[in-house]
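Please keep the sequence and the model at hand while reading.

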Amino acid sequence: DRQILDTELPLAIPHFALLNALSAPTSRQHQNLSADPLPVEYSDYPAVDSVDGDKSLTVTWLGQSTCFVQMQGLNILTDPIFKRRTVYSWLGPERLRPVPCQLSDLPHPDIVLVSHNHFDHLDIDVVRALANSVTWYVPTGLASWFSGLGVTSVVELDWWAEDTVTVRNRDYTIAATPTQHWSGRNGADSNKSLWSSFLVKTSSASIFHCGDTGYCPVFDQVGAKYGPMTLAILPIGSYEPRWYMCHQHTNPEDAVLIHRDLRAKASVGVHWGTFMMSDEHYLQPPRDLEIAAKKYGLGLEEFIAPQFGKTYVYDL
């Protein structure tokens, strides 16, 4: 029932004025959106012109594992999917909620992080739309899928490998780190490409995009090597039945353990409330996250289940 969903999973409008202000002049600007009255979600936010992009990080969750992140001048898109269904317009689980905005509404990404080759993490329409206008960071073995679509601006990284990207005269380190999952879009390509999490860092800030994973000891190794992290984007949904999902999808308590392993200062929980692909109720992940956060003594805002479409600002 749409009225129930509007109450239980409300949609927010991204803070376009802020997103545009923190983007470079060469990025796509949307004056018509920026000129709209400020949505109520941002009534307590600082004035846009007072936000220092070098000292702030923004994250906007758009559903599943798709986030638009801005970190010190870099626009990052993660595991993009804007489709109504996961596979085709007529096939696959349907969104519980509409996507909060379209790709074209956002400032243009500089890089896109793709954790693995599953339909709900890699939308072929987004690949065709962005094509070679961005740099795609993907796990080992996935570049050939992109080249089949004519997309060659792809950096393929094995676990623990790093790359440096220079955007507007600033260097950013991109590192691929291990996860416990699998890949494939059909039976013929199962595990033909790797699956990874990604870290993007500068000398004073870092974001961690996990993608899908089961909980395993590797996150303590990642935290030891790269922590503490400014912000971690961690999956908290699609975890029931536990006997089947435990090796490939974390539950909220597992996600809290990853948060601690990474030495993350803050985390946002994603991969829930978007497509029904498991047995738990769509509101169970944030409820279980609240229980786990209390169990492990996390602060009130340390690990949140974000609102669809809302732009969150973190001080560096």
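Pro 252, Asp 254, Ala 255, Val 256, Leu 257, Ile 258, His 259 and Asp 261 of helix H8 are buried, where buried means under 20% relative accessible area, exposed means over 50% and partly exposed lies in between, with a 1.4 Å probe and protein chains only. The model is predicted, so local features need pLDDT of at least 70 and side-chain atom pairs count only at pLDDT 80 or more, while totals for chains, interfaces and linings use all residues. Residues are numbered from 1 along each chain as its sequence is written, and side-chain values use heavy atoms, with hydrogens and water left out. Helices (H or I, at least four residues) and strands (E, at least two) are DSSP runs numbered from the N terminus.

- Because 8 of the 10 residues of H8 are buried, the helix is largely enclosed by the rest of the structure.
- The cover over these buried residues includes helix H6 (218-226), E11, helix H7 (242-245), E12, H9 and E13.
- H8 (residues 252-261) lies across strand E11 (231-235), strand E12 (267-270) and E13, and runs at about 155 degrees to E11. Axes are lines fitted to C-alpha atoms, for helices over the stretch in contact, and angles run from 0 to 180 degrees between N-to-C directions.
- Arg 263 follows H8 and has a positive phi, near 60 degrees.

**Packing of H8 on H9**

- The axes of H8 and helix H9 (residues 284-295) come within 8 Å and cross at roughly 45 degrees.
- That makes H8 oblique to H9; angles under 35 degrees count as roughly parallel, over 145 as roughly antiparallel, 65 to 115 as roughly perpendicular and the rest as oblique.
- H8 contributes Pro 252, Glu 253 and Val 256 to the contact, and H9 contributes Pro 285, Asp 288, Leu 289, Ala 292, Ala 293 and Lys 295. Contact means heavy atoms within 4.5 Å.

**Sheet E7 to E13**

- This open sheet has 7 strands in the order E7-E8-E9-E10-E11-E12-E13, with mixed pairing. Two strands pair if DSSP finds at least two bridges between them.
- Strand E7 (162-167) and strand E13 (303-304) are at the edges with a single partner strand each, so one side of each has no neighbour in the sheet.
- Strand E8 (residues 170-178) and strand E9 (residues 196-201) run antiparallel and are joined by 6 bridges.
- Ala 176 has Phe 198 in E9 as its bridge partner.

**Sheet E6 to E14**

- Here 7 strands form an open sheet in the order E6-E5-E4-E3-E2-E1-E14, again with mixed pairing.
- Strand E6 (154-157) and strand E14 (311-315) stand at the edges; each has a single partner strand, so one side of each lacks a neighbour in the sheet.
- From one strand to the next, the twist averages 20 degrees.
- Strand E5 (residues 135-139) pairs with E6 in the parallel sense over 4 bridges, and Pro 139 stands opposite Leu 157 in E6.
- E4 and E5 also pair in the parallel sense, over 3 bridges, with Thr 135 in E5 as the bridge partner of Ile 111.
- E5 is mostly covered, with 4 of its 5 residues buried.

**Loop residue Ile 81**

- Ile 81 sits in the loop between strand E3 (74-78) and strand E4 (111-113).
- Ile 81 counts as buried because its relative accessibility is 0%.
- Apart from neighbours within four places in sequence, Ile 81 is in contact with Gln 64, Thr 66, Thr 86, Arg 95, Phe 119, Asp 120, Asp 123 and Phe 275.
- Ile 81 and Ile 124 are 43 residues apart along the chain, and their C-alpha atoms are separated by 8.3 Å.
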